[in-house]
Amino acid sequence: MTKRLKLGAVDSRALIKAGGVAGLAQIAAPFVWSARAADTIKVGIIDPFTGVYAAVAQNELIGVKYAVEQINAKGGVLGRPIELLVEDSANDVGTGVQKARKLIERDGIQFLIGDVNSGIALAIAQVSNEKKVLHIVSGGHTDGITGKDCHWNVYRVCNTTKMEANSVAELLFNKYGKKWHFITPDYAFGHTLQEAAQADLKKFGGTVTGNELTPLGTTDFSAYLIKARAANPDVLLVLPQGLDMVNCLKQVAQFGIDKQIHVAGLQQELESLEAMPPEARVGIWMFEWYWKQPGVPGVEKFVADIRQRSGGKVPTARTWFGYTSMMSYALVANQAKTLDGVTLAKALGNFELPPEVKLQPNKCYYRAGDHQLMTSAFVGEALTKPAGDPEDLFKVDTVIPGDKTSPPESETGCTLQWPA
Amino acid sequence: MTQLLLFNITNGLIIGAFYVLMAIGLSLILNLSNVINFAHGGFLVVGGYIAYTLEPYLGFWGALIVSPFLTAIIGLAVEKTLISRVYGRDPLYSLLLTFGLAFILEDGTRVIWGANGKPFTIPAALAQPLSNQFFFITSYRLFMVAVVAVTIVLLFLLLRYTRAGVRIRAGTLDLETVSALGVNVRALRSLNFAVGIFLAGLSGVLAAGQLGLEPTMGAGLLMPSFIAIIVGGVGSLTGTLVGGLLIGVASGVTAVFFPAASEAIMYVLMAVVLLVRPRGLFGEEGMLT
């Protein structure tokens, strides 16, 4: 009997401890791969290659690797080849910071790219700033990176959440209606995105019927959907990303909610649309880059080249982020003929991307005041039935230039402190 | 408001039913083998992906039946080669082992099927809400609840009326005596593990129909199952059943009043149960029934 008593107790407690261990799982740090050669220029990329953002991070890496290949084939940077060091942040802030320190202090990188996760991006930007290393945030959207938390050495390629909201809000309002209900992921990205959209809506004279904050990693959205439908809005805005968005839209489709309320959102990605069954691909959204742009120079070649390197898959916005981040560094360093961080950071201000890099119809340049890339928003509709190619899942209606969607520099809250 | 509340209670029961299916498998393995199977979510994902791969050939129904069996076979192989080595040791060993396995399974699926999610389609007849008012009750969700109900009934019958089932229950109570009576405990544990993993595989197929199929999807479903076991009481399958439904309803009802806490409420519930009745609702003190 004593033995049984003990056994039962051990099980219960071990189970609870186990829960704690599950939380710690996020910290485990997996593989690193790198190739070293003499007299190279080292570039580091930190992204969450494991965990929920693995798919988008991998696409970003494909873009970076493709850019390195192109740069090295044309003689590298200042005649030296680029050597890429890849680190996994495992979607954890602590791990990301550790990897940033390792890349800068031990490997001596000249340039840093990353991270997809906004929180990690903000944290490693502090490290790169402290060490004075030029850094491009490729895929973290939260406004602060080129807003109140901006740094002289940090640039960003992807949109701010404010830009995303501004690009779609007016169309949604005019086309779908003025009563909006939000499903918002409960963390920095979701909050700023929702606030931006709500501000736009208020400006147009619309009303918010509710805002459901959903924890990151929510699997079942039915309770929120029940509430949202009871509020009877004109538009249901689905703001979660990745797996959460897929879960939410799948349930929206199964409940038939899209037949009663307009379902839409702001940021949408090819990775997410591809993970959804056809009936879940509905609504108006914005893409940050799209692979089908007839007549825009360079896009076809880029798509064909990436297909060769990714098992036939087309580039996504993430692939383009990676490619553009890497190319920006090589272009500006070759133009300024130096590797000095401060000089390069200055040179990137107002730097305009050439057609073979921007791969979009509008002018695309880094803004000097907040270091945000003025990149276009591809606004359109998700396609239930692919238009020809199985990966053509989005119909672009308008391509809005970045300086139309972005608030003026004076409103971003960014004040750059340059080193003396 | 009353209607909203009723809606969410019903909805919570549906979600809870799914947690139950997953938690019962975990509970079976825990009760007999003292193994806290952290890889359960991993097996769930494997089950979902196998179904995704089989669907073009066997259709949804074929995949629903075949995939859990294939998952169970993989589970059996893992049990024979790895898990069986840590039986009888401190639970920490199996905890670490299955913890590592969970990573291997997640990264394995990522290597085989890719990091990007896959669209798993269910028959159109199932993907419809039953009525306009009760739009959240889709035929698929009802079907899911039915599958869970049938499975649980079959499982309880199996445990009560078959020789192997009786031995599993006896082993849960006192494995040493069962072994002394000449029962092949090794085989019994393997069978039990395979049944547990079968349930994980089945949960995986059902989940894939409703949620996004992605290598990480198991992680989010694993914690509620653990909580269901703790709330219900370690060692009691009935407890697990009640625990699963309870946290489903609690989470559904909380979503009406305070959506951001709909996940946290499960942990609050667990904490309260642990404080007031540490053995869990149906757990008998000192006994694994």
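## Interface between chain A and chain B

In this predicted model, 56 residues of chain A and 62 residues of chain B make up the contact. About 4800 Å² is buried between chain A and chain B, and carbon and sulfur atoms account for 64% of that area.

## Polar and charged pairs

Between chain A and chain B there is one salt bridge. It joins the side chains of A:Asp220 and B:Arg141, with an N to O distance of 3.4 Å. Polar contacts across the interface of chain A and chain B number 13 residue pairs, with both residues at pLDDT 80 or more.

On the side of chain A that touches chain B, at least two residues each come from α1 (2-24), α2 (54-73), β8 (207-214), α7 (222-230), α8 (242-255) and α9 (270-274) of chain A. The element that gives the most to this side is α1(A), with 15 residues. Sorted by class, the side of chain A that touches chain B holds 32 nonpolar, 13 polar and 11 charged residues.

A:Asn362 sits in the loop of chain A between α13 (355-358) and β12 (365-366). Its relative accessibility is 16%, so A:Asn362 counts as buried, the cut-off being under 20%.

A polar atom of the A:Asn362 side chain lies 3.2 Å from the backbone oxygen of A:Val399. Leaving aside residues up to four places away in sequence, A:Asn362 touches A:Ser376, A:Val399, A:Ile400 and A:Pro401.

Terms used:
Residues numbered from 1 in each chain as written. Chains lettered and ligands numbered in written order. Predicted model: local features only at pLDDT ≥ 70, side-chain atom pairs only at ≥ 80, totals over all residues. Heavy atoms only, no water. Contact = heavy atoms within 4.5 Å. Buried area = accessible area lost by both parts, 1.4 Å probe. Salt bridge = Lys/Arg side-chain N within 4 Å of Asp/Glu carboxyl O. Polar contact = N/O pair within 3.5 Å; in protein donor to acceptor, adjacent residues only side chain to side chain. Helix = DSSP H or I, 4+ residues; strand = E, 2+ residues; numbered from the N terminus. Nonpolar A, V, L, I, M, F, W, Y, C, P; charged D, E, K, R; others polar. Buried < 20%, exposed > 50% of the residue type's maximum accessible area, 1.4 Å probe, protein only.
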